[in-house]
Amino acid sequence: MPEGRLEVLISEADIRRRVAELAGQISADYADAGELVLVGVLKGAFIFLADLSRHLTIPRSIEFMAVSSYENSAEASSMVRLVMDLRKNIEGKHVLLVEDIVDTGRTMQFLSELLRARKPRSVKTCALVRKPDRAAVDAEVDYLGFEIPDVWVVGYGLDFGEGDRTLPYIAAMKADP
Ligand code: PRP
């Protein structure tokens, strides 16, 4: 049961069901495609990627990237920079970028463009949750778990100051009274 400061937004059972559905859809779409390279974005995506990848029925490999956001005062917006790259060459490969959350969409857009420049066979995107009200750029999500309102969420990979990341459900943090 969540503490009083948390309100469950997506239950453990609903996450499990949706992750299995997404994996079924991805497995069907890539059934004859050969190996799929799953690229998880650290840290948040590690739990979703672990569960999603174990449900897939197609050949797959796992890679990770990490980014950091910083404020760009010239453009008065946040920018994304790469802090950890893939270990393998993705040229000619099918790639699926896996995120826990799409908020402004900047991370997804930045990484999609970066990966596409490396001449993969294809790049698609998958996110467990997206906040449509927060979208600042047009980041396409090919496989989406849930749309959620613009509230701070924790659990299933999502954190608040590194806390609550390993909760099995996704919860909204209640505002202070
Ligand atoms: C979160 C999330 C995405 C990004 C989405 O990462 O995991 O990578 O923010 O935001 P955007 O759509 O506005 O770009 P965070 O910066 O919280 O780092 P973490 O995953 O290491 O906790």
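This is a predicted model: local features need pLDDT of at least 70, side-chain atom pairs count only at pLDDT 80 or more; totals for chains, interfaces and linings use all residues.

Strands (E, at least two residues) and helices (H or I, at least four) are DSSP runs numbered from the N terminus.

S2 and S3, by contrast, pair in the parallel sense, over seven bridges, and Leu 36 stands opposite Arg 60 in S3. S6 (residues 122–130) and S7 also run parallel, joined by four bridges, with Phe 146 in S7 as the bridge partner of Val 129.

## The sheet as a whole

Six strands make up an open sheet of mixed pairing, in the order S4-S3-S2-S5-S6-S7. Its edges are S4 (77–84) and S7 (143–147), each of which pairs on one side only. Neighbouring strands are turned against each other by 25° on average, direction ignored; axes are lines fitted to C-alpha atoms, for helices over the stretch in contact, and angles run from 0 to 180 degrees between N-to-C directions.

## Helices on the sheet

Helix H1 (residues 12–29) lies across S2 (36–42), S5 (94–102), S6 and S7, running at about 160° to S7. Helix H2 (residues 46–55) packs on the sheet and touches S2, S3 (60–72), S5 and S6, contact meaning heavy atoms within 4.5 Å; the direction of H2 makes about 155° with that of S3.

## Basis of the values

Residues are numbered from 1 along each chain as its sequence is written, and side-chain values use heavy atoms, with hydrogens and water left out. Local features need pLDDT of at least 70 and side-chain atom pairs count only at pLDDT 80 or more, whereas totals for chains, interfaces and linings use all residues.

How values were computed. Two strands pair if DSSP finds at least two bridges between them.
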